[in-house]
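Subject: Structure for you to look over

Dear colleague,

Here is the structure I promised to pass on, with my notes set out below it. Please read them with the coordinates open beside you.

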Protein chains: 2
Amino acid sequence: MTRIYDRVALIGLGLIASSMYWAIKRGGLVGEVTGYARTEATREKAREIGLCDRVCDSAAEAAEGADLVVLCVPVGAMGAVAEEIAPVLKPGATVSDVGSVKRSVIEAVAPHLPEGVHFVPAHPLAGTEHSGPESGFAELFDNRWCIIVPSDEDTDAEAVATLRALWEGMGANVDEMDADHHDLVLAVTSHTPHLIAYTMVGVADDLRRVTDSEVIKYSAAGFRDFTRIAASDPTMWRDVFLTNKDATLEILGRFTEELFALQRAIRTGDGDHLFEYFTHTRAIRRGIIEAGQDTDAPDFGRGAPRK
Amino acid sequence: MTRIYDRVALIGLGLIASSMYWAIKRGGLVGEVTGYARTEATREKAREIGLCDRVCDSAAEAAEGADLVVLCVPVGAMGAVAEEIAPVLKPGATVSDVGSVKRSVIEAVAPHLPEGVHFVPAHPLAGTEHSGPESGFAELFDNRWCIIVPSDEDTDAEAVATLRALWEGMGANVDEMDADHHDLVLAVTSHTPHLIAYTMVGVADDLRRVTDSEVIKYSAAGFRDFTRIAASDPTMWRDVFLTNKDATLEILGRFTEELFALQRAIRTGDGDHLFEYFTHTRAIRRGIIEAGQDTDAPDFGRGAPRK
């Protein structure tokens, strides 16, 4: 039990914030955690399940006097929240966030923050397809990566080190990266895969010659994996694509190029090209399992137990 | 324990055949199961782990005297195997298969089979990303669908009913469908999703500005789901795309069209279009979970336990 901050404010109480709260409690990392959510229903639910030591009725009330304020709202809402809390921020406090895009968050938030407040953006690479205040759990960040993206070269080293200690205390591994590289890496490992999954599910839903009931019944042959990703929060993902436009479009362009090459191999019957391509892609899977970033159990372990 | 066949031969001893063997034993469904695999190493491994009551050194030896012969080899190898076993097939025997494509298997196999042998193609929609004789387990087909595709309208009704009983005995739900519709449905629920997953993994691997080590470390943000699918058996998937060319290219065309529409929405900043699309795709996920075809546990249940 190492106390890292006396008071932390979580603005927005969805999957990430609620998991942070339970991870903070598990580690005894913070004296008091305040929370705020935009809708009355979410605040009531949070009070009911004991999420946060104190649930406030405005972002400013939650942020006042906090040593760390973490913006856990969709990327497109960060700027407005920063503007609202700016007047009450304590000198020397740190403002951070958990957004999936970093350059646009820096551009939206930084101009509002007063002199003497440290801005240290961050992005925990963890989540599930569930959302809302009840979806969080203390183990979400265990052995997952959190990328800290100092907003500029003058960012206070102590503020970065303290935020790093909090994330490590919540179970995460921490890396630092600049905002543009972060946004490109995430376009590859997260944003483009999500867009593709949404697209595939949309195509299946829209195809008149195959019924929805057939798609559902026969989904275990591969399709259902895409539907999990495509069940993620629509507001969050809309904002991700609108704010990480350039990197996503770049990776989509590469994706389409490769897809067309494979499509041509299918059309011309070039089995060697297909075989070589499909062999190559197995290596990355092995790397991910060796790095502890996924399970080696067949079908993610969700199937019936092995004999 | 209802005995459905006296003798069954499994030609090819990979994930599906080995799971069939364990499921047959679990249910006591067959008197004797013979097996054959092309490589000596696989046959030795099968003998070592007790896979099949008798492992034979040729497909013909395994098939001789069998009441049911199931071809469990890649789609592209079905024709040659059918030709090899044709001379030893018992009058009144049934030949079936487990291939992921049906029209081309019918075209490759049917011409070789002698008069008086029933041909009843089938396709169990189950699998994992693992392959080989050691990857099978008795529960693989539990509550999964097996599609029986009678090769023509004269297919013997009793032969179909008996094969259905075997699959039901192994835990599967059974549907019947014609070959062309099967191939289209699978292009949507399986073949195109696999090609897309392979493509996405290939793009990530090939991108010089993001290292493989970054892709691996940060894969939990969505990408790792694709790598599981893209770790499937390359030979099997090469054959699927070469033999279900038309349906796969049709669905890929639809996919590209949708992807371009979303890409344009990103480029023009059309948040309403994105939000509406992402909301719509959630419904299919709910349908799949309600139909018992996937788990509702976050992240397929592979993550840390919920508090």
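In chain A, A:H123 stands opposite A:I147, a residue of strand 8 of that chain. The model is a predicted one, and everything that follows should be read with that in mind. The two strands concerned are strand 7 of chain A and strand 8 of chain A (residues 145-148), which pair in the antiparallel sense over three bridges. They belong to an open sheet of three strands in chain A, with the order 7-8-9 and mixed pairing. Its edges are formed by strand 7 (122-124) and strand 9 (173-176) of chain A, each of which pairs on one side only, and from one strand to the next the twist averages 20°.

Chain B also has an open sheet of three strands, with the order 7-8-9 and mixed pairing. Here the edge positions are taken by strand 7 (122-124) and strand 9 (173-176) of chain B, each pairing on one side only, while neighbouring strands are turned against each other by 20° on average, direction ignored. Strand 7 of chain B pairs with strand 8 of chain B (residues 145-148) in the antiparallel sense, over three bridges, and within this pairing B:I148 of strand 8 is the bridge partner of B:A122. Helix 6 of chain B (residues 157-169) lies across strand 7, strand 8 and strand 9 of chain B, and runs at about 150° to strand 9 of chain B.

Turning to the salt bridges, the structure holds 50 of them over all chains. One of interest within a chain is formed by A:D180 and A:R103, whose closest N and O atoms are 3.0 Å apart. Because A:D180 lies in helix 7 of chain A (residues 179-206) and A:R103 in helix 5 of chain A (residues 103-109), this pair ties together parts that are 77 residues apart in sequence.

The remaining notes concern the interface. Chain B and chain A each bring 114 residues to the contact, and between them they bury about 10,900 Å², of which 68% is on carbon and sulfur atoms. On the side of chain B, the residues that lose the most area to chain A are B:Y218, B:I266 and B:F278, which together account for 7% of what that side buries.

As for polar interactions, the rule finds 12 salt bridges across the interface of chain B and chain A, and it also finds 32 residue pairs in polar contact there, counting pairs with both residues at pLDDT 80 or more. A salt bridge joins the side chains of B:D225 and A:R228, with an N to O distance of 2.8 Å. The elements that give two or more residues to the side of chain B that touches chain A include strand 8, helix 8 (212-217), helix 9 (223-229) and helix 11 (245-268) of chain B. Helix 7 of chain B gives the most to that side, with 22 residues. By residue class, the side of chain B that touches chain A divides into 55 nonpolar, 29 polar and 30 charged residues.

With best regards

Methods:
Residues are numbered from 1 along each chain as its sequence is written. Chains are lettered from A and ligands numbered from 1 in the order in which they are written. This is a predicted model: local features need pLDDT of at least 70, side-chain atom pairs count only at pLDDT 80 or more; totals for chains, interfaces and linings use all residues. Side-chain values use heavy atoms; hydrogens and water are left out. Two strands pair if DSSP finds at least two bridges between them. Helices (H or I, at least four residues) and strands (E, at least two) are DSSP runs, numbered from the N terminus. Axes are lines fitted to C-alpha atoms, for helices over the stretch in contact, and angles run from 0 to 180 degrees between N-to-C directions. Contact means heavy atoms within 4.5 Å. Buried area is the accessible area (1.4 Å probe) that two parts lose on being put together, summed over both. A salt bridge is a side-chain nitrogen of Lys or Arg within 4 Å of a carboxyl oxygen of Asp or Glu. A polar contact is a pair of N or O atoms within 3.5 Å; within protein, one must be able to donate a hydrogen and the other to accept it, and residues adjacent in sequence count only if both atoms are side-chain atoms. Ala, Val, Leu, Ile, Met, Phe, Trp, Tyr, Cys and Pro count as nonpolar, Asp, Glu, Lys and Arg as charged, and the others, Gly among them, as polar.
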